[in-house]
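Thanks for coming. I'd like to walk through one structure, from its sheet out to its side chains. Here it is on the screen.

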Amino acid sequence: MRSTSLRQPVREVAIRFARRLRRAILTFRNRLDVPPPPPPPIPAAAIVTTCLLAKPDPQRQRNWAKDCVPASRGWRTSVARVGALGVILYDCLPSNAKRQFASKSIRLVRVRRHYRHSTNDHRFFLYQSLLRSYAFQSIFFTDLFDVEVVRNPFQHHREARLYIGLDQGLVGSSGYLAGVAKRLFDKDLLDWLAGASDVHVLNAGVFGGEREIVSAFVDLCCSELMRLNRPDINANMLVVNSVARRYFGNVLETEICSRFKKYEKDRLDVTFVHK
């Protein structure tokens, strides 16, 4: 009698435990089947930049990981000040940078950290992917560490125009562009460079406009970088100048930035200050 009376409660406990375990397993499976909540939608217009730290800066030969927070403060605060949305495409960020970058006016979008090209060339492929993934109506792409926004670009740009900031000097006197062209040893680019000596150098660090024209420009830049197939050479400046002058000369607008490297922080008549 005693063994029977003891067996009965043990059996009931085991049954209850099995039921609870089955419910827990089903609940867990249901949770796995529920997709994560989608990221907040990106509005129709944005100022986009990159913070790529997996490789050194190809021009300064340094890594910005330790200084990315203070170096980007001007861009981040100015985007918020003009009431625009900023998007930062990043590959790897220190935890303190993530906390300080994310805000009501800044969205963070993580990208893969392994790529063949320099960070400056690779950003164009990221731009292309972003444009294909989100239905922007207007968009501007800028550098992060040396650009500040003076006016909201989406309130001051005209339709069917490709806006690109100017660099220093003329194409014919640019030792940098000539050096890149010689290293690439590409006849097509060398011929274009020889025939475009009297036009101003464009800067790849600030450009934008309406979606259709910007997408076409970025697609052509990416196609040219792929055609050259020289990930060891930082070629985006030469490619941007060649593509913009050849295919977008009749819709090109360059009066958008302060004079490059003049540090004109007091300019209020431009959209961007670039150094």
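Predicted model: local features only at pLDDT ≥ 70, side-chain atom pairs only at ≥ 80, totals over all residues.

Strand 2, residues 86–90, pairs with strand 3 in the parallel sense, over five bridges.

Move to strand 7. Strand 4 and strand 7 run antiparallel, joined by five bridges. Across that pairing, F140 faces G208 of strand 7. Strand 6 also runs antiparallel to strand 7, again with five bridges. There, I164 has F207 of strand 7 as its bridge partner. Why call strand 7 largely enclosed by the rest of the structure? Because nine of its eleven residues are buried.

**Helix 8 and the cores**

As a general point, nonpolar side chains in soluble globular proteins tend to be buried together. Here, the largest nonpolar core has 52 residues. Those with the most contacts inside it are F124, F141, F207, V214, F217, V218 and L238. Which element gives the most to this core? Helix 8, residues 211–228, with eight residues. Another core lies apart from it, with 26 residues, including W75, Y90, L93 and V147.

Take L238 from the 52-residue core. Leaving aside neighbours within four places in sequence, L238 is in contact with L177, V180, A181, L184, L189, W192 and L193.

W75 takes us to helix 3, residues 73–81. Its buried residues are G74, W75, R76, S78 and V79. After helix 3 comes G83, with a positive phi, near 75°.

Y163 sits in strand 6, residues 162–170. Is Y163 buried or exposed? Its relative accessible area is 7%, and the cut-off for buried is under 20%, so Y163 is buried. The side chain of Y163 reaches the backbone nitrogen of R158 at 2.6 Å. Beyond four places in sequence, Y163 touches several residues, among them F140, F207, G208 and E253. Also, Y163 and V214 are 51 residues apart in sequence, yet 8.9 Å apart in space, C-alpha to C-alpha.

Now a loop. S258 is in the loop between strand 8 (252–253) and strand 9 (272–274). S258 is buried too, with a relative accessible area of 3%. What does the side chain of S258 reach? The backbone nitrogen of H274, at 3.1 Å. Not counting residues up to four places away in sequence, S258 touches E264, R267, V270, F272, V273, H274 and K275.

**Cysteines**

Last item. How many disulfides are there? The count comes to zero. C92 is in no disulfide: the nearest cysteine sulfur is that of C51, 8.2 Å away. As for C257, its relative accessible area is 12%, so C257 is buried.

That's my tour. Over to you.

Definitions and conventions
Residues numbered from 1 in each chain as written. Heavy atoms only, no water. Buried < 20%, exposed > 50% of the residue type's maximum accessible area, 1.4 Å probe, protein only. Helix = DSSP H or I, 4+ residues; strand = E, 2+ residues; numbered from the N terminus. Disulfide = S-S within 2.5 Å. Polar contact = N/O pair within 3.5 Å; in protein donor to acceptor, adjacent residues only side chain to side chain. Contact = heavy atoms within 4.5 Å. Core = buried A, V, L, I, M, F, W, Y, C linked by side-chain atoms within 4.5 Å. Pairing = 2+ DSSP bridges.
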